[in-house]
Amino acid sequence: MPIIVNVDVMLARRKMSSQQLAASIGITTANLSILKTNKARAIRFSTLEELCRVLDCQPGDLLEYLPEKPEENEEEKR
């Protein structure tokens, strides 16, 4: 997936644990882990808003677009 979620980077910059962040934004540590490991297929704007509020950052600090390589797309189609 070409969208990368950099929650772990912001956690390190803010010297905050995953448990602290999850409690602050009102999600489970399991759901936060899904975001951190880039296994999430979607994110609610309300969750993104809370992440930005608690981590004092912008959405672009958390989300990064990395285009897929053409050969990766071809392999997936087979």
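The largest pocket in this structure has a volume of about 160 Å³. The model is a predicted one. Its protein chain holds six helices and two strands. A search of the whole structure turns up one salt bridge.

**The largest pocket**

- Nine names make up the lining: Ile-27, Asn-31, Ile-34, Leu-35, Ala-40, Ala-42, Ile-43, Arg-44 and Thr-47.
- By type, the lining residues split into six nonpolar, two polar and one charged.
- Helix H3, which covers residues 29-36, gives the most to this lining, with three residues.

**The chain as a whole**

- Along the sequence, the elements follow the pattern β-α-α-α-α-α-β-α.
- The protein chain has 78 residues, and buried residues make up 26% of them.
- The accessible surface of the chain is about 5700 Å². Carbon and sulfur atoms account for 50% of that surface.
- Among contacts with a separation of 6 or more, 67% join residues 24 or more positions apart.

**The salt bridge**

- The side chains of Glu-50 and Arg-53 form a salt bridge, at 2.6 Å from N to O.
- Side chains of opposite charge can pair when their charged atoms come close.
- Both residues belong to helix H4 (residues 45-55). Because Glu-50 and Arg-53 are three residues apart in this helix, about one helical turn separates them.
- Glu-50 has a relative accessibility of 24%, so Glu-50 counts as partly exposed.
- Arg-53 has a relative accessibility of 52%, so Arg-53 counts as exposed. The cut-off for exposed is over 50%.

**Ser-18**

- Ser-18 lies in helix H2, which covers residues 18-25.
- Its relative accessible area is 18%, so Ser-18 is buried. The cut-off for buried is under 20%.
- Leaving aside neighbours within four places in sequence, Ser-18 is in contact with Leu-11, Leu-32 and Lys-36.

How values were computed: Residues are numbered from 1 along each chain as its sequence is written. This is a predicted model: local features need pLDDT of at least 70, side-chain atom pairs count only at pLDDT 80 or more; totals for chains, interfaces and linings use all residues. Side-chain values use heavy atoms; hydrogens and water are left out. Helices (H or I, at least four residues) and strands (E, at least two) are DSSP runs, numbered from the N terminus. Buried means under 20% relative accessible area, exposed over 50%, partly exposed in between (1.4 Å probe, protein chains only). Contact means heavy atoms within 4.5 Å. On a 1 Å grid over the protein atoms alone, a cavity is a set of points where a 1.4 Å probe fits but cannot get out, and a pocket is an open set with protein on both sides within 12 Å along at least five of seven lines; lining residues have an atom within 4 Å of a point. Grid points are joined across faces, edges and corners, and a volume is the space filled by probe spheres set on the points. Ala, Val, Leu, Ile, Met, Phe, Trp, Tyr, Cys and Pro count as nonpolar, Asp, Glu, Lys and Arg as charged, and the others, Gly among them, as polar. Accessible areas come from the Shrake-Rupley method with a 1.4 Å probe; for residues, only the protein chains shown count as cover. A salt bridge is a side-chain nitrogen of Lys or Arg within 4 Å of a carboxyl oxygen of Asp or Glu.
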